Amino acid sequence: MTVCEYRAGLEGIPATQSSISYVDGQRGILEYRGIPIEKLAEQSNFLETAYLLIWGELPTQEELKLFEHEITHHRRLKYRIRDMMKCFPESGHPMDALQACAAALGLFYSKRALDDPAYIRAAVIRLLAKIPTMVAAFQLMRKGNDPVQPRDDLGYAANFLYMLNEQEPDPLPAKIFEVSLILHAEHTINASTFSAMVTASTLTDPYAVVASAVGTLAGPLHGGASEEVIFMLEEIGSVENVRPWLEEQLAHKSKIMGFGHRVYKVKDPRATILQQLAEKLFEKYGRDKYYDVAVELEQAVAEKLGHKGIYPNVDFYSGLVYRKLGIPTDLFTPVFAISRTAGWLAHWKEQLNENRIFRPTQIYTGLHDEPYVPISER
Ligand code: CMC
């Protein structure tokens, strides 16, 4: 075996072989199962895309109808999960609530039959169906309201917005949310997906796999960045303040949230589509006052950091879209998790096909053969 050099953050080191998605970071290309993200955003819907990612092929009309029917049927939460949620502090972060709820599903559906395709399918359906309901329920319960039951006549995206905002969304916001779910569904071996795969490699249950991935997605260097972008735009406050603010950040060597990516060295193709979606929403429902600040910041960062390949990533424009859809800032990352569950489950299933437990090595930098000093002498 060749021993590789140590690379912090495993940069550039393959951790698996996968046929789920592909990124070309120099040309700004993202494909799910070989299909460019732009085509899926234009022509697919989230559940069809999830099916494609998880089972490797676009479903037939009948397969899709059955899949949608099963998801719709499993959207409700057990009342005991709702009771558990009532005990959560309302000040708690919704990502922590979601992680606890995802793990709790393992208590109710504890049979673990990883070699049974019916078990795999049932777990996929439960997780995709219930995670949006959990996110919306936490939002209503922390305001002191009862959760809204899912509506079987609404599609996946429209139903989530309905459960969250307690009113049926117009077709345009529902469509835009659907596209946003497609865009966030999968992205090769990012931190949360790697976390899901490591957990999956121990052959634990899929609820633990998703719970560990949710915990990993929560951090500000990963999914949490979309929330930070809004705080940053609010702090900048005006187009005139963009350049002085940026100068100051760069002087302090601070990272600009929503910019930079380990793989993309050009503008993330998802950011391009999200920006177009934001503009469509603003055209119909009014411009977000921070959009001009964001556009100016993109320009200023390109001038200052373009030579390092620092451009907007997926999190830069997503917050402005979510805000217009009535999604509160601290739900941006849970909404990302709703969508990324499809990618995590695709990798879980792929991992099980040829599983070997993850057990990398380390380079030891500590001491050897040290004396033990008795506590009385310390
Ligand atoms: N602002 C300013 N400089 C940056 C930024 C940024 N956002 N990102 C990278 N750089 C610079 C960094 O200072 C370094 O410069 P130098 O070589 O002179 O020291 C160089 O670019 C390489 O940066 P790095 O931190 O070594 O890159 P990484 O691949 O380890 O980190 C990243 C990637 C996404 C964590 C990082 O770009 C970052 O912290 N961005 C801000 C947080 C963010 O937007 N995260 C969302 C990521 S995309 C979606 C997701 O994963 O959820």
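**Aromatic pairs, salt bridges and the domain interface**

A search of the whole structure, which is a predicted model, identifies 13 aromatic pairs. One of them is formed by Y51 and F67, whose ring centres are 5.4 Å apart. The planes of these two rings meet at 75°, and the pair is therefore classed as edge-to-face, the cut-off for this class being over 60 degrees. Y51 belongs to helix α2 (residues 46-55), whereas F67 belongs to helix α3 (residues 61-73). The two residues are separated by 16 residues, and their pairing links distant parts of the chain.

Side chains of opposite charge can pair when their charged atoms come close. In total, 14 salt bridges are counted, including one between E70 and R121, in which the closest N and O atoms are 2.5 Å apart.

At the level of domains, the chain is divided into domain 1, comprising 17-220 + 330-353, and domain 2, comprising 225-324. A distance of 26 Å separates the C-alpha centres of domain 1 and domain 2. Contact between them involves 30 residues of domain 1 and 27 residues of domain 2. The area buried between domain 1 and domain 2 amounts to about 2300 Å², and carbon and sulfur atoms contribute 69% of this area. Within domain 1, the residues that lose the most area to domain 2 are I176, L183 and F332, which together account for 28% of what that side buries.

Zero salt bridges are counted between domain 1 and domain 2.

On the side of domain 1 that touches domain 2, at least two residues each are supplied by the strands β1 (21-24) and β2 (29-32) and by the helices α1 (37-43), α8 (171-183) and α16 (332-353). Helix α8 gives the most to this side of domain 1, with seven residues. Classified by residue type, the side of domain 1 that touches domain 2 consists of 15 nonpolar, nine polar and six charged residues.

Technical notes:
Residues are numbered from 1 along each chain as its sequence is written. This is a predicted model: local features need pLDDT of at least 70, side-chain atom pairs count only at pLDDT 80 or more; totals for chains, interfaces and linings use all residues. Side-chain values use heavy atoms; hydrogens and water are left out. Domain bounds come from an automatic or database domain assignment. Contact means heavy atoms within 4.5 Å. Buried area is the accessible area (1.4 Å probe) that two parts lose on being put together, summed over both. A salt bridge is a side-chain nitrogen of Lys or Arg within 4 Å of a carboxyl oxygen of Asp or Glu. Helices (H or I, at least four residues) and strands (E, at least two) are DSSP runs, numbered from the N terminus. Ala, Val, Leu, Ile, Met, Phe, Trp, Tyr, Cys and Pro count as nonpolar, Asp, Glu, Lys and Arg as charged, and the others, Gly among them, as polar. Rings of Phe, Tyr and Trp (its six-membered ring) pair if their centres lie within 6.5 Å; planes under 30 degrees apart count as stacked, over 60 as edge-to-face and the rest as tilted.
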